Amino acid sequence: MNIGDNKKGALVGYGFDENLMRSVKGDESLKDSVYNRERTHNIVDKNIDELMDVILFLLLSTGIYRIVIGLNNGEIRTSSVFDPFNVEIHLAEDLLVTDYVFNHFGMIALDEKEALIKRYYQMLEHDEAFDYLSDEWQEAFHQRNQSMKQLTNENELRYIVEHIPALRNLDGYYLRSAVINLFNSTISMSFNCDGTQIMSHQKFKTFVKEYL
């Protein structure tokens, strides 16, 4: 396999970076017009504390390891260890119904979810398809799989989810969507100015202290 000469790594790749904290600029015209656009509140805004309780429950107690929270449109996308190649789309209003949540999400403790993810990757290393990767990639994946420890820091995760409402309620540059990934402990946040902030769970507290 030809892996090319460009060795620049991805902004968020297959490794783990606890010091990750980057911003990506969006459409400047959207940034300039922020204060000219009237804001309206939706079902997410009206129920945001309750919704965040559900989001935290999904991440800590079910198979969900990645969640995309559309705060503007109420679209919630989930990825589960029980169906790892699929992405489900749910409406925020449905997640506010207890029966809906328990009917759609398989329960599993955080430590068991972590162990299952490790087994998935160990299985991949022993599959013949793994040979399609370059020696460099195989070694990098192997080292990462060997060094994988805690899936995510529960206190850091709680801090993130608890502070999403405050970021949503900012005047001007408020939060539009957020992607929380347990596997690489990252969060990506898009704001109504069209800018995006990408950081590790560990760095989120630094971001909040600076901007809130």
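Entry 1: I started at Asn181, which stands opposite Thr186 in β6. This is a predicted model, so I am reading everything here as prediction. Strand β6 covers residues 186–191, and six bridges join it to β5 in an antiparallel run. I looked at the turn next: four residues sit between β5 and β6 in this hairpin, and Ser185 there has a positive phi of about 50°.

**Entry 2: the other side of β5.** For one facing pair I noted Val68, which stands opposite Val179 in β5. Is β5 mostly enclosed or open? Five of the seven residues in β5 (residues 175–181) are buried, so the rest of the structure largely encloses this strand.

**Entry 3: the whole sheet.** I traced the strand order as β1-β7-β6-β5-β2-β3-β4, an open sheet of seven strands with antiparallel pairing. β1 and β4 (83–91) are the edge strands; each has a single partner, so one side of each has no neighbour in the sheet. From one strand to the next, the twist averages 15°.

**Entry 4: helices on the sheet.** I checked what packs on the sheet and found helix α8 (residues 154–168), which touches β2, β5 and β6. The direction of α8 makes about 170° with that of β5. Helix α9 (residues 201–211) packs on the sheet too, touching β1, β5, β6 and β7. For α9 I wrote down an angle of about 130° with the direction of β7.

Entry 5: I went back to β1 and its partner β7 (residues 196–200): four bridges join them, running antiparallel. Here Arg22 stands opposite Ile198 in β7. Val24 also belongs to β1, which spans residues 21–24. How exposed is Val24? Its relative accessibility is 37%, so I put Val24 down as partly exposed.

**Entry 6: Ala92.** My last stop was Ala92, in helix α4 (residues 92–95). Buried or exposed? Ala92 has a relative accessible area of 3%, and the cut-off for buried is under 20%, so Ala92 is buried. Neighbours within four places in sequence aside, I found Ala92 in contact with Val44, Leu51, Gly74 and Ile76. I also looked up Ile69: 23 residues away along the chain, its C-alpha atom is 8.7 Å from that of Ala92.

Note on methods
Residues numbered from 1 in each chain as written. Predicted model: local features only at pLDDT ≥ 70, side-chain atom pairs only at ≥ 80, totals over all residues. Heavy atoms only, no water. Helix = DSSP H or I, 4+ residues; strand = E, 2+ residues; numbered from the N terminus. Buried < 20%, exposed > 50% of the residue type's maximum accessible area, 1.4 Å probe, protein only. Contact = heavy atoms within 4.5 Å. Pairing = 2+ DSSP bridges. Axes fitted to C-alpha atoms, helices over the stretch in contact; angles between N-to-C directions.
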